[in-house]
Every structure is written in C-alpha cells, then in structure tokens.
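This report is meant for someone meeting the structure for the first time. Please keep the sequence and the 3D view at hand while reading.

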Amino acid sequence: MKNRKPTAAKKHSSGKQEVSAGGDATTAAGFPIVGIGASAGGLSAFEAFFSGMPADSDPGMAFVLVQHLAPDHTSILCDLIQRYTHMEVFEVEDGMEVKINCVYIIPPGRDMAFMNGALQLFEPDEPKGHRLPIDYFFRSLAQDLHERAIGIVLSGTGSDGSSGVRTIKGEGGMVMAQNAASAEFDGMPRSAMSTGLVDYELPPAEMPARLITYATHAFGKLPGASSAPKSENAIKKLFVLLRAQTGHDFSQYKPSTIHRRIERRMAVHQIDGLDSYLKFLQQTPVEMEALFGDLLIGVTNFFRDPEVFQMLGNQVIPNLFEGRHASVRVWVAGCSTGEEAYSLAILLAEHMEAIRQNFAVQVFATDIDKRAIASARAGVYPASIAADVSPERLARFFTPEPDGRSYRIHKGIRDLVVFSEHSVIKDPPFSKLDLIICRNLMIYLGSDLQRRLIPRFHYALNPGGFLLLGTSEGTGESDDLFAVQDLKMKLYRRKEKPFSAQRLKSGLFQPRLSARDLSLPRSSVKPSFPAKLPLRVMTEQALLQQVVAAAALVQSQGDILYLHGRSGMFLEPSTGEAGVNNILRMAREGLRQALSVSLRKAVEIREPVQSPGLRVKTNGHFTRVNLTVRPVTNAADPESPLYLVILEEAPEPSKSGEGPRSPDADAIIAALRLELRHKDENLQSACEELESSNEELKSSNEEMQSVNEELATVNCELQVKVTDLRQANNDMNNLLGGTGIATVFVDCQMHILRFTPAVTQIINLIPSDAGRPVAHIASNFVSYQTLVPDVQSVLDTLASKVTEVETAGGAWFKMHIQPYRTIENVIEGAVITFADITQIVQSRDALHKANELLRLAVVVRDAHDSITVQDLDGRTIAWNPGAVRMYGWSEAEALAMNVRDRIPRELREGALDKLAQLSRSQILEPYHTQRLCKDGAVLEVSITSTALLDETGEMYAIATTERETRQDNLQ
C-alpha cells in the first residue's frame with residue numbers, strides 16, 4: 001500500500017508550507033502523542049509494535065516515529081508501517097500539524113521537535129555519530145504536552161532516548177521500553193531502563209494493548225477533568241503511609257503536583273478509585289517506593305539553562321574567590337542525580353585554573369532520593385550528555401567507559417562534591433556557605449514550606465552569600481533577608497539585618513510566623529483568622545477574651561514579637577545594641593522577677609500562670625499590677641508555642657482598719673526594702689548573666705548542630721567510598737589470585753609498592769620488602785640481568801616491554817613491563833607481570849624438534865642412497881627406500897636383521913674397529929667397504945657413519961649413509 005501524502009497545503013506569509021495531514025480535527029492538546037525512538041533493529045520492532053495495534057478500533061492518540069537514518073538514506077518506513085495499520089502514515093514535512101489516529105515518521109537527515117500541535121524540522125547541528133534525535137524530540141514533546149507525552153524506546157545501540165525519558169517523567173508523562181530479551185540491540189532500551197524511570201518493560205507486540213489501557217484510565221475523561229476523585233481523607237491516609245515508609249511528609253507539597261503524580265500511578269496500574277489505590281499501596285510495598293520515586297522526579301541535565309551557568313561563571317564564582325585565602329563552600333539542594341552539582345564543580349575548577357590558585361572547595365549536594373544520590377555518587381552518565389556538555393569539557397572532565405555507552409566524571413571533579421541524603425525541610429541546614437543553589441524545588445512545595453526555607457537559607461549563608469533559585473521561584477515575603485541581584489536569573493544576596501539575624505538565632509529551625517499559624521488554646525471559641533492577617537490583628541482578636549490594658553506576644557525566651565496597648569508603664573527599653581527586644585530585660589522594677597518566674601513556669605506546664613498584686617515601680621511610685629502569662633498554640637508548629645503576657649493595673653488594697661506604725665517599724669521596713677532591692681539587683685545581674693550564657697550556648701548549639709550535620713554528610717560519603725574501595729580491593733585480590741599472574745607494582749623511583757604472592761616463586765620477595773628498591777632484590781632468572789634498566793626504560797619512554805625469562809628451576813615466564821596509569825592518565829610507576837609459559841616453551845621446543853625430524857624424514861625418504869640406523873648392538877631400527885633398492889631387503893625384513901648379517905664374514909672384525917672409532921667422534925669420514933645383498937651379491941660401498949646422541953651426550957645409535965661405488969665407477 002502506498003504512503004498517503006498530505007491532502008491539503010496552504011502557504012504562510014513566510015513562504016513555508018503548513019501541511020494539513022488529514023485525520024480527525026481534534027487538536028493535539030486533547031489527546032496523547034506517543035514518541036517512539038529506535039535505531040539498529042528498529043524495523044522489526046516497529047513491525048511488531050504496529051502488528052499489535054487493534055484492527056477494529058482507533059487508539060485515540062497519535063504516533064511519531066524517530067529512527068536513526070543516514071542523511072542520504074531513502075526511508076521505506078512509511079510503506080512498511082502502512083502494511084500493519086489502518087491509520088494514515090505520513091513522512092513529516094516542516095510545520096505539519098499532528099492529528100489524532102495518525103502516524104508520523106521523521107525524514108532522513110533531520111532533527112524534529114514538537115511545538116503547539118505541529119512538528120518542526122531542523123538541520124542537525126551535531127556531526128554524524130553525535131546526533132541524538134530521539135532525546136531532542138522527547139524533550140520538546142514533554143515540554144509541550146506535559147502529562148500527555150508518552151515515550152517508547154525500542155531496539156538500538158547507544159543511549160539516545162535516556163535523557164528524554166527523564167524529561168517526559170519529570171513532566172508527568174509515561175515511558176515504555178522494549179525488554180532486552182526481545183531487542184536485536186539492547187543498548188538503548190537498557191540505557192533507558194537504567195534511569196529507573198521506565199513504567200513498562202515489554203516486547204513491542206504487547207505494548208499497544210497496555211498503552212491503550214493506560215490512556216483510557218489516564219485521559220479517558222473530558223479534558224481538564226480529574227481521572228480520580230480527590231478524597232481528602234484518602235489523600236491524608238496516603239500521606240501517612242508515605243511518611244511511615246519513607247520518613248518524608250508530602251502533605252505540605254502543592255496539591256496539584258501530588259494529585260497528578262498519584263493519578264499517573266493509578267493509570268499505570270489501571271486503578272479507578274483513590275480508595276482502591278490506597279489499598280493497593282498497603283498491599284504492595286514496591287508500589288510505595290515507585291510512587292515515592294515519581295513524586296521526586298526532577299528534570300535535570302548538565303548546564304541546564306546555559307545562560308544561568310554563564311551568569312554564575314562570569315559574576316558569582318569570581319566573587320566567591322575574591323579576597324579569600326581559605327575555603328569556598330557551596331550547597332546544591334535537591335541535586336537529583338548530580339548533573340547540576342557536577343556542572344557547578346566544573347565551573348569552580350575552571351575558575352581556579354584561570355586564576356592559577358588552589359582553594360579548599362566543597363560542594364555539598366543533597367537530595368532525599370537515595371537512588372538519585374547513589375547514581376550521583378557513581379558519576380556515570382549516558383553518552384547523550386554530549387548534547388549538553390561542550391566537546392572541550394567532555395574531553396577534560398569526563399572519561400569514556402569501555403562499553404562506549406557512557407561517560408564517567410573525572411576524579412578531580414568528583415572529589416569536589418560531597419553527596420548526601422538530606423531533607424531541606426526537616427534536617428538542619430549546612431552553615432558558613434558562600435552560595436546556595438536550590439532550583440526548581442520550591443515550585444513543588446506549598447507556601448508554608450516555602451516561607452520556612454528562605455530563613456534557613458539566610459542562616460546557612462555567610463554575610464554577602466548568594467542564593468540562586470529557579471526561574472519560577474522567589475524569596476516571597478522575606479525581602480528583609482535577601483536583596484535582588486538579578487531578577488531575571490533569580491539571583492539573590494544575603495542581607496545583614498540585625499533584627500532578622502537575632503530572630504533566626506532565637507528560633508533557627510522554626511518557620512517565619514504569620515497570624516494564621518496562631519490560636520489560643522483551651523477556649524470555648526476557636527477563632528479562625530484570614531490567611532494573611534498580621535500579628536497585630538491576630539493578637540487583638542485573641543485578646544477579645546480578656547479585658548486588658550497592655551499585652552505582649554513573646555517566645556519562650558521572652559523575645560517580643562508584638563506589643564499591644566500602652567505598655568510603657570510596665571516596660572522600658574534596655575540599654576545596649578538595638579535588636580530583638582526581650583520582655584524580661586524591659587520589665588520595670590517589681591515586675592522583672594515575677595515575670596521571669598511566671599514565663600518559665602508557663603513554658604514548663606503549658607498552662608496559664610497568674611501573679612496578682614505585684615508592686616511595679618512606675619515614674620517614681622509603685623503601681624499594683626496583675627500579671628498573667630498564657631500559652632498561645634502555634635498551628636504551624638504545635639511543639640513551639642508562643643506566650644501572651646497580659647499586664648492589668650490592679651486597685652490598691654483598702655487601708656481601713658490600719659493603725660499608725662511606729663518610727664522603728666518604718667526604719668525596719670525601709671532597711672528590709674533596701675536589702676531586698678540589693679538582692680533584686682544581684683538576682684537581676686545573675687539572671688542577665690545566665691541569659692547571656694544561655695544565648696551563647698544556644699548559638700553554639702545551633703552551630704554545632706549544623707557542623708554535626710555537615711560531618712555526618714561527609715562521613716556518609718566517606719563510608720560509601722570506603723565500602724567501594726574495600727569491594728574494589730577484594731575484587732582485585734580475587735582477580736589477581738584467580739588468574740595466578742605474578743605481579744609487582746613499583747613507583748617512579750623504582751621502589752616496590754606491593755606484589756602478589758605468586759611472584760615470590762620468581763623473585764625472592766617477602767612482605768617486608770615493600771618500599772625497597774628493585775635493584776636490591778635478588779631474582780631467580782637465568783641469563784637475564786637487565787630488569788632494572790628495562791623498568792627505567794619503560795618509565796622514560798612510556799613504551800611497554802615484553803620478554804621471556806627463565807628461572808633457575810627451569811620454568812619460563814613472559815615478563816610484561818608497562819607504565820602504571822591512574823584514572824587521570826598520570827604515570828605513577830610501572831607494573832611488572834609474569835605469565836607462566838613453561839608448557840608453551842616446552843611445546844614450542846618439542847614442535848621445533850618434531851619439525852626438524854620431519855624435515856630429516858623427508859630427506860631420508862627421498863634420498864637415492866641407502867640410509868640406515870642401528871642401535872649399539874647392531875639391530876637395524878631404520879631402513880629407507882634407498883636401502884630397499886640397493887640391498888633388496890624390504891623394510892620389514894631389514895628391521896628383523898642385525899647389521900652383521902649384511903657384512904661379509906672376513907670384514908666383521910674391521911667393522912667393530914670402526915664402531916670403536918665412532919665412539920670417540922660423532923662423525924666418521926667416508927670409508928670404503930663391502931656389504932651383502934639379499935641375493936648374495938657383494939656390493940662395493942662408501943659408508944659415512946654418524947653417532948646419534950641423547951640429551952646427556954651419550955651415543956645411543958648409529959646412522960649410516962651407504963653409496964654403491966661400483967656404479968659410480970661405471971659412470
């Protein structure tokens with residue numbers, strides 16, 4: 001069936017054609033679009049996929065096929081796919097609108113993107129072999145369609161598609177991959193599956209049924225309608241299960257994000273109701289981990305938003321190093337799989353190289369996803385990162401893996417970054433930082449969590465430190481904490497504001513308070529305040545239950561958050577630097593001690609505390625005051641309540657019935673009052689010193705908490721490295737021991753670093769020889785004394801050397817000397833290996849001897865002369881065809897004879913004399929004699945006799961070459 005071409009086309013003003021491809025008029029926004037990527041082996045996978053499509057119904061979606069094709073290749077994919085589907089199939093033209101129930105195929109030599117319902121074609125920028133058209137299309141599809149984007153990765157080599165898979169999942173879409181068993185080439189499917197984000201791993205023929213079922217559950221309702229009822233009670237239960245399983249609370253994340261991810265998981269498992277999904281979660285712990293992973297999916301890649309990293313490299317990073325002599329500390333919060341952290345580390349390394357100075361640089365990279373952290377620590381990324389990393393940086397900071405499918409981050413960059421599982425919400429922040437990067441994390445959090453994070457970042461930064469947020473994020477109501485440096489790039493700088501600093505020190509890990517977070521406890525009326533009421537309005541409404549003249553809302557240590565009414569007669573400002581006003585320091589004489597005791601008691605028992613009839617000195621006289629301290633519940637953090645201090649002027653007690661006092665009594669009272677005042681002053685001084693000490697201890701404790709968190713992070717990283725190193729050492733020891741190859745490692749000064757046990761049989765080494773020069777070690781080699789010069793030559797020329805050496809015991813080894821190269825391609829010595837080749841040498845010698853004997857046998861066989869071999873007793877053990885022709889006896893007859901049988905009787909004694917002469921010489925000069933024939937004839941012959949010697953040099957046989965002389969004379 002021929003490919004169906006577009007049915008209509010109209011011209012834009014620009015001259016570019018906008019092609020209408022027929023099909024349903026439904027816009028792309030109303031149905032899902034499936035991007036299918038394949039490379040080698042893709043044709044059969046496409047065939048299997050479309051063969052599995054239902055023949056009697058429409059799928060309700062569109063399909064866009066992206067295959068690696070040579071620019072000069074004529075694609076037959078359109079004709080091929082049309083055979084297996086009733087849907088219309090088109091080769092894409094620039095600007096072609098995507099219609100439902102149609103198939104679109106990328107043309108050769110083009111990159112393709114999806115935007116606003118149409119497919120756009122581009123000339124590729126990358127050279128052949130570096131293009132990643134599947135990633136390119138997947139990214140554009142996800143950014144345009146979000147949860148309606150579906151990606152499928154089929155057979156192919158390399159890693160194209162894996163980066164696009166992350167983008168699709170990050171936007172809430174769904175991903176399938178061909179299972180390795182059914183793929184002709186499993187490189188691309190395996191790379192996609194290694195991300196941990198693939199929802200279905202299936203053979204292509206089984207994909208359509210699962211795809212249609214998923215789309216029915218996920219998009220079967222009207223556009224904009226939810227696919228699952230949002231039962232608040234069920235959602236809360238789900239949050240409880242998640243917190244119990246993972247330790248993380250998602251209840252304050254943005255509901256829209258949470259609901260979309262939950263609905264997507266329900267569609268994957270074809271579950272209709274939220275209550276049913278809740279039961280499924282309880283029965284399937286694996287699904288709990290999958291949901292947790294979906295909630296944490298972050299879209300990230302190297303140097304994402306290049307203009308942001310250009311700004312960092314040009315403006316921020318030089319500022320971090322300016323005028324410094326110590327360290328530079330950076331925190332990347334929500335680092336996901338580490339691309340952003342490594343990108344920043346590369347910028348830091350490049351700047352240090354540019355200024356030719358070294359600093360102690362620490363990049364703390366944190367996330368709550370342990371799988372992402374494990375991936376980041378490994379530092380291995382698919383080859384598709386070449387699309388985001390320049391060729392220069394790729395060559396300098398990455399090392400290709402042997403499989404050719406991935407790159408490993410350079411060790412120098414890896415060592416700059418410390419990865420840790422850490423929650424910015426519940427764990428203490430790091431401290432003394434110069435830069436914090438938290439991009440595209442806060443957009444997923446509710447407003448309450450966002451308000452809590454900004455003060456934490458302020459505390460964690462050094463004065464003048466930088467904060468970089470995502471393009472859709474900001475500092476919100478915390479303008480007093482950060483100044484805008486670049487509004488477009490969302491770069492902020494820490495403000496030094498005394499009130500803010502002191503406020504954070506008094507409650508570092510508490511959220512910034514708003515009026516809606518507060519309510520009075522144990523009241524018959526539960527007031528409800530608007531979300532944005534200031535503290536003043538909240539306090540005044542709370543005081544409606546009390547008739548008071550003055551009141552203050554304070555924290556547990558007495559720091560004043562808000563004052564109400566005329567409080568001047570009870571409180572006065574304290575001397576010293578202006579900062580947070582503390583009510584205990586501001587309390588007038590007569591009120592301070594009772595207020596301190598009452599506040600402390602209220603904090604301990606969480607009950608209202610009253611102190612009536614206090615005599616407070618005001619303007620030179622004393623006033624009776626009733627004091628009440630009442631806890632106020634903080635709705636945002638019930639464990640950290642606030643306290644309402646109520647000060648009411650009380651009537652003086654009646655003086656009726658009192659009699660006159662004597663002067664002595666007045667003097668005693670005056671003396672007691674003076675003594676009491678002195679004690680009050682001493683007590684006040686002690687209290688102030690205690691408060692100052694407590695403040696210092698509290699500040700130190702907060703610092704220690706941050707330092708402990710940092711140490712725990714570093715320790716966790718080191719533990720991972722130690723575990724990896726131990727495993728690598730175990731693997732190396734087992735590998736070397738299993739192969740039996742003797743190995744010696746030496747440094748550049750030719751001192752022995754370490755060696756395997758097998759080498760002790762070749763070189764006289766003991767464990768204590770580590771560190772000794774190679775020249776001091778005695779070897780067992782025979783006729784090989786140039787080990788030290790050979791090793792030095794390898795170190796000088798970096799050219800490997802191979803030679804064969806023999807030990808005194810007769811064993812042979814192939815010695816291979818080669819440079820010892822680190823991962824950074826630095827030469828740090830040499831490696832000497834010895835492979836046992838004794839059997840090979842013996843076999844080689846035996847083969848050589850056999851070849852010589854073979855050549856001799858050919859000569860003997862083809863010789864015209866008679867050649868015979870006899871042992872020392874005269875028995876014939878070899879008889880060639882020339883002897884048969886000369887003497888007449890066959891080989892079988894001759895081998896049964898003794899040489900004496902062929903010698904005339906009168907010559908036998910002389911023959912024995914010749915034998916004696918041969919014992920003293922290996923070869924006798926030719927001599928003339930006579931030999932008998934089978935027919936009795938006597939032949940005149942010339943004989944050359946040769947002694948055959950064994951390995952010890954002893955003669956064991958005699959070979960003779962006999963030529964008839966009579967025939968020669970005739971000639």
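A residue is called buried when its relative accessible area is under 20%, exposed when that value is over 50%, and partly exposed in between, with a 1.4 Å probe and only protein chains taken into account. Phe 570 is buried, with a relative accessible area of 1%.

The model is a predicted one, in which local features need pLDDT of at least 70 and side-chain atom pairs count only at pLDDT 80 or more, while totals for chains, interfaces and linings use all residues. Residues are numbered from 1 along each chain as its sequence is written, and side-chain values use heavy atoms, with hydrogens and water left out.

**Overall make-up**

The protein has 971 residues, of which 46% count as buried. Its secondary structure comes to 27 helices and 39 strands, where helices (H or I, at least four residues) and strands (E, at least two) are DSSP runs numbered from the N terminus. Among contacts (heavy atoms within 4.5 Å) between residues at least 6 apart in sequence, 62% join residues at least 24 apart.

**Buried nonpolar residues**

In soluble globular proteins, nonpolar side chains tend to be buried together. A nonpolar core is here a set of buried Ala, Val, Leu, Ile, Met, Phe, Trp, Tyr and Cys residues joined through side-chain atoms within 4.5 Å. The largest such core has 47 residues, and Leu 312, Leu 344 and Phe 398 touch the most other members. Helix H12 (residues 339-355) gives the largest share of this core, 9 residues. Apart from this core lies another, of 45 residues, which include Ile 271, Cys 438, Phe 482 and Tyr 492. When residues up to four places away in sequence are not counted, Phe 398 touches Phe 302, Ile 346, Ile 385, Val 389, Arg 393, Tyr 407, Arg 408, Ile 409 and His 410.

Phe 570 is placed in the loop between strand E25 (560-565) and helix H19 (583-586). With residues up to four places away in sequence left out, Phe 570 touches Ala 550, Met 586, Ala 587, Arg 588, Leu 591, Val 625 and Leu 647. Phe 570 and Ala 587 are 17 residues apart along the chain, and their C-alpha atoms are separated by 6.2 Å.

**Charged pairs**

Side chains of opposite charge can pair when their charged atoms come close. A salt bridge is counted when a side-chain nitrogen of Lys or Arg lies within 4 Å of a carboxyl oxygen of Asp or Glu, and a search of the whole structure finds 26 of them. The table gives some of these pairs.

| Salt bridge | N to O distance |
|---|---|
| Lys 169 and Asp 294 | 3.4 Å |
| Arg 264 and Asp 294 | 2.4 Å |
| Arg 439 and Glu 340 | 2.8 Å |

Arg 439 and Glu 340 are both buried. This pair links distant parts of the chain, 99 residues apart, with Arg 439 in the loop between strand E19 (433-438) and helix H16 (447-460), and Glu 340 in helix H12. Elsewhere, salt bridges that share partners join Lys 169, Asp 199, Arg 264, Arg 265, Glu 287 and Asp 294 into one network.

**Two loop residues**

Most residues other than glycine have a negative phi, and most peptide bonds are trans. Asn 116, which is not a glycine, has a positive phi of about 50°. Asn 116 lies in the loop between strand E8 (111-115) and strand E9 (118-122), and is exposed, with a relative accessible area of 68%. Lys 490 has a positive phi near 60° and is found in the loop between strand E21 (482-486) and strand E22 (491-494); at 14% relative accessibility, Lys 490 counts as buried.
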